[in-house]
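Work through the exercises below with the sequence and the 3D view open. Try each task before reading its solution.

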Amino acid sequence: MPPLSRRRRFVAGLLLAPLLTGCFASGGGDESSDSPAGARLKVALAFPPAENFSPYGADATLLSRLGVTEGLTRLDANGVAAPALAESWTRENDRDWLFTLRDAAFQDGTEVTPKAVAAALTRAAGADPVTAALSGVELAAEAAGDGRVRVTTADPDPALPLRLSSPGLVILSAKAYAKKDAVSPVGTATGPFELTEVTGTSAATLDRFDDYWGGRAQASGVDAKFIADGTARTNALRTGEADIAEAVPVSQAASLDKEARRETATTRTTSLLLNTRSGAFEDAGTRAAAREAIDTSALAKGVYEGHADSGVGIYGPALTWAADKRVQPTGRAKAGAAGKTLTVATYDNRPELPEVAQVLKQQLEKAGFTVKLEVREYSRLESDALAGKFDAFVSARNTMLDTGDPVSILASDYTCEGSYNLALLCDKQVDKAVSEAESISDTAKRQDAAMTAEAAILGTDAVVPLVHQRIITGVGAEVSGVLLDPYERNLVGVGTRR
């Protein structure tokens, strides 16, 4: 029998579980399990771990989607910061925030204490390269007594509670940092499922964490397989080798029974990012020529078979406030000569992207460009893209994934110091617009400023928004409680079962 404090957590967690699992649309089902053990879930994921499950890079989302890791806060269905490991918080002044922790435990049996939380945030703040959620942000954390943690930023950060919901700012126990240059989430996180075994980049095993503060998960564990090929993922669902298959290709959607398809509007935008630092697209006129050559409606209707909307900006229709606030780009360069040779790269983990790149190739060549395509798996492509080894990069990016704040994505992806700046853009006007947006705390005014900054970015033609995606998730007939998250941070939770 667990200690008294653990039993209290368990009972309290049962009361909280419906609140947590009800934030996003699910496959249905109640919150009680007829079997105390619960069946294991078989999940097919599109992206294999690229950084040994480090929470500071692309792998962070794998951990949160599998229910392994948590931060102080989380995003609710409306994109608002809600309690997670922190029960509540207050803003003491422009730079200091005080977070009150709930009674919770790490998967290695140690307690979630202010000291442990401060150490985890300090480690994340010092990560190199910087985790995307902290792009342009200096952060410090310290234990403040009475179960509280004080988080301080070098500059005022009105979006800090949103930022701390990021999968890149999760809280791990001291054991996770035992090795100086590595971070291990194996058995050191706080979520309902504990990562127990990793088989290279092909599979991972997770067991239920019975002392989870949010209640005992209904599934006894998760067996995850990483299958980059979309057709193979769909086949795994169809044959029963998987209970859940993420990112079902639109070309495979019709092959699944209607009941097995879950389509979710997301904040993911597929874009063509143009290398502004070197090569053909260093010239703004050439970038303008490429933009004018692209017909986005052909992509939405053709490649995505109607499961996407034509690109209108960095923010798509899933953010319902964006359309009424959109500002038209100004100052765009006049389209120049198109007769240049380009290398356009993309990845095949999302099977539509190579097809998007092929259609773009045809459209650009029709305009006079000579285009070479390079397609790899994402983990073998990212470093070269960030190093500017391609002229253009086709990417599907969830604009709210890192922080839930519309301004933060602009800082990380389009400013001079941005940590995920695939366009290698460095423009004074853009940096100024983003900086001004970052300083605003009022939600509506911050959104207005974000749209002004979006217009400045689009005015450089560093990015051509192509389509705004809807994600198709394959769900087995016996499975319920799948978390269909528009922010794509969650997939398996306390109430997911079969």
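**Exercise 1.** In which sense do E9 and strand E10 (residues 221–226) pair, and over how many bridges?

Solution. The model is a predicted one.
Step 1: E9 and E10 pair in the antiparallel sense, over five bridges.

**Exercise 2.** Classify the aromatic pair of Phe47 and Tyr378, and say where each residue lies.

Solution. 
Step 1: A pair of aromatic rings is described by the distance of the centres and the angle of the planes.
Step 2: For Phe47 and Tyr378 these are 6.2 Å and 80°. Planes over 60 degrees apart count as edge-to-face, so this pair is edge-to-face.
Step 3: Phe47 is in the loop between strand E1 (40–45) and helix H2 (60–65). Tyr378 is in the loop between strand E15 (370–376) and helix H11 (382–386), and the two residues are 331 residues apart.
Step 4: Buried means under 20% relative accessible area. Phe47, at 18%, therefore counts as buried, and so does Tyr378, at 10%.

**Exercise 3.** Why is the pair of Tyr347 and Phe393 called tilted?

Solution. 
Step 1: The ring centres of Tyr347 and Phe393 are 6.0 Å apart and the planes are at 35°.
Step 2: An angle under 30 degrees would count as stacked and one over 60 as edge-to-face, so the pair is tilted.
Step 3: Tyr347 belongs to strand E14 (residues 341–347) and Phe393 to strand E16 (residues 392–398), 46 residues apart. Both residues are buried.
Step 4: Phe47, Tyr347, Tyr378 and Phe393 form one aromatic cluster.

**Exercise 4.** Describe the surroundings of Phe393.

Solution. 
Step 1: Leave aside its neighbours within four places in sequence. The contacts of Phe393 then include Leu272, Ala345, Tyr347, Tyr378 and Leu422.
Step 2: The largest nonpolar core has 84 residues, and Phe393 is among those that touch the most other members, as are Leu272 and Phe369.
Step 3: A second, separate core holds 63 residues, including Val137 and Ala217.

Technical notes: Residues are numbered from 1 along each chain as its sequence is written. This is a predicted model: local features need pLDDT of at least 70, side-chain atom pairs count only at pLDDT 80 or more; totals for chains, interfaces and linings use all residues. Side-chain values use heavy atoms; hydrogens and water are left out. A nonpolar core is a set of buried Ala, Val, Leu, Ile, Met, Phe, Trp, Tyr and Cys residues joined through side-chain atoms within 4.5 Å. Buried means under 20% relative accessible area, exposed over 50%, partly exposed in between (1.4 Å probe, protein chains only). Contact means heavy atoms within 4.5 Å. Rings of Phe, Tyr and Trp (its six-membered ring) pair if their centres lie within 6.5 Å; planes under 30 degrees apart count as stacked, over 60 as edge-to-face and the rest as tilted. Helices (H or I, at least four residues) and strands (E, at least two) are DSSP runs, numbered from the N terminus. Two strands pair if DSSP finds at least two bridges between them.
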